[in-house]
Amino acid sequence: MSVQVETLRRELGWLQGAAMTVGAVLGLGVLVLPVAAAQIAGPASLISWLFMGILAIPLATVLGILGSHYPDAGGIASYTRQAFGDKAGAVTGFLFLGTVPIGGPVVALIGANYIGSLLSLTQPVIYSIAAFMLLLALFFNYRGIHLSGQVQVGIIIVITIVLLAASLAAFPYVKAESFKPFAPYGWLPVGKAMATLFWAFVGWEMIVHLAEEFKNPARDIPRSLGAAIGLTNGLYLIVAFATVGTGAYLGTGSEAALAVMIGQGWGDLASLLTGILGFAVCYGTIHTYIAGFSRLIYSQAREGYFPRYFNQLSPKYATPGRVLFCLAGVFVLVLVLNYLIGGSIGFLMQWPSAIFIALYILAMAASLKLFYKNSWLRCCALISLVICIVIYTFTGWVGLYPLVLGFVGWQTISKKSG
């Protein structure tokens with residue numbers, strides 16, 4: 001019979017927290033979005049990267065302050081509960097059910113396909129790599145937050161080294177002519193590129209689900225987010241500059257621009273380094289998202305909104321083991337179904353993306369109420385809220401998914417409370 005552990009262990013420092021945050025934000029987008037943005041706006045896409053990096057600061061700032069003031073594993077669900085009541089918090093927690101269970105396998109498949117295209121692997125092998133990536137993340141998350149954080153630090157070091165190596169290898173090929181004309185398609189595409197780059201700046205919310213496991217959340221969460229903002233913005237700008245300066249986004253094969261840049265300086269090692277990078281950035285995202293999602297489910301079960309079965313921590317590692325084991329089953333199911341029906345990865349990714357934007361909107365709305373006496377934080381929250389609402393309008397009919405899921409959650413909670 002399992003023994004319930006009352007609390008999560010406080011073993012997370014700011015460095016591990018920063019690595020977890022960078023892992024969530026710096027996903028596969030760094031491999032493909034510099035090219036996508038440059039194809040939309042030309043060299044002026046560098047302004048898009050700069051503006052999006054600046055606009056991410058108020059969003060991350062508000063989430064950091066929320067996490068340090070309300071250190072609860074429920075994260076955004078806890079903040080909406082504090083601001084709008086128990087039912088709103090429960091429905092917000094319900095929305096998370098549509099994120100990681102689908103998004104995790106999708107990200108794993110993107111990384112596995114990236115490796116598969118480099119090595120000409122078959123579909124069964126690609127799906128096996130995706131499954132291995134997911135199971136590895138589940139294993140380290142089960143073994144405890146300290147080990148999980150240390151593993152993520154190593155992953156981020158690898159990503160940073162390879163990205164810097166790729167960019168430095170490309171710098172000798174940067175030409176001034178590549179930046180002329182600076183805005184070949186006009187200035188409107190700069191805004192369109194910003195909308196595309198929004199996906200490169202999501203993931204900040206996952207760190208707040210680990211708030212209960214920080215040694216000193218009031219001090220360490222802001223430090224973690226501050227360090228993560230600096231590193232991600234720096235890496236994004238360096239890679240984007242090299243992509244534009246070398247003209248790697250032009251012509252055929254531009255989708256593999258980063259691989260080309262790595263090949264310019266590393267020759268035969270290029271394919272290996274590119275494969276390692278593709279695996280690392282996808283694994284880093286999965287690692288943090290599983291950590292945050294498992295704590296969210298545990299927190300909601302602890303509050304009585306999800307089945308009490310999940311209100312159990314591993315007696316040895318103090319982690320939400322039951323959530324992780326169930327998540328493993330869901331991951332396998334999603335992978336098998338996608339393999340059998342040959343589903344589109346891009347199509348699947350739209351669904352959790354729409355929910356994440358909706359969750360940001362809820363978090364910023366909650367912060368407007370919770371920090372009503374702090375004009376500076378309210379300003380940051382309002383700016384972020386407006387940006388998220390504007391981006392949400394670009395989700396199209398997929399934007400109905402969070403509304404439908406929220407309605408189902410509301411009805412479920414209402415019947416239970418009634």
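1. A residue is called buried when its relative accessible area is under 20%, exposed when that area is over 50%, and partly exposed in between, with a 1.4 Å probe and protein chains only. By this rule Cys282, with a relative accessible area of 0%, is buried, whereas Cys379, at 41%, is partly exposed.

2. The structure is a predicted model, in which local features need pLDDT of at least 70 and side-chain atom pairs count only at pLDDT 80 or more, while totals for chains, interfaces and linings use all residues. Residues are numbered from 1 along each chain as its sequence is written, and side-chain values use heavy atoms, with hydrogens and water left out.

3. Zero disulfides (pairs of cysteine sulfur atoms within 2.5 Å) turn up in a search of the whole structure. Cys379 is in no disulfide, and the nearest cysteine sulfur, that of Cys380, lies 5.9 Å away.

4. Helices are DSSP runs (H or I, at least four residues) and are numbered from the N terminus. The axes of H3 (residues 45-69) and H10 (residues 217-245) come within 10 Å and cross at roughly 170°; such axes are lines fitted to C-alpha atoms over the stretch in contact, with angles running from 0 to 180 degrees between N-to-C directions. The two helices H3 and H10 are therefore roughly antiparallel, a term for angles over 145 degrees.

5. Contact here means heavy atoms within 4.5 Å, and the residues that make it between these two helices include Trp49, Gly53 and Leu63 of H3, and Ile221, Asn233 and Phe241 of H10. The residues of the contact of H3 with H10 divide into 17 nonpolar, six polar and no charged, where Ala, Val, Leu, Ile, Met, Phe, Trp, Tyr, Cys and Pro count as nonpolar, Asp, Glu, Lys and Arg as charged, and the others, Gly among them, as polar.

6. A nonpolar core is a set of buried Ala, Val, Leu, Ile, Met, Phe, Trp, Tyr and Cys residues joined through side-chain atoms within 4.5 Å. The largest has 135 residues, and those with the most contacts inside it are Trp49, Leu63, Ile159, Trp204 and Ile290. Not counting residues up to four places away in sequence, Ile159 touches Leu26, Leu277, Ala280 and Val281.

7. Pro184 lies in the loop between H8 (145-170) and H9 (188-197) and, at 38% relative accessibility, counts as partly exposed. Leaving aside neighbours within four places in sequence, Pro184 is in contact with Ala41, Gly42 and Pro43. In H9, the buried residues include Pro189, Val190 and Met194, and the buried residues of H9 pack against H2 (29-41), H3 and H15 (375-392).

Key
Parallel < 35°, antiparallel > 145°, perpendicular 65-115°, else oblique.
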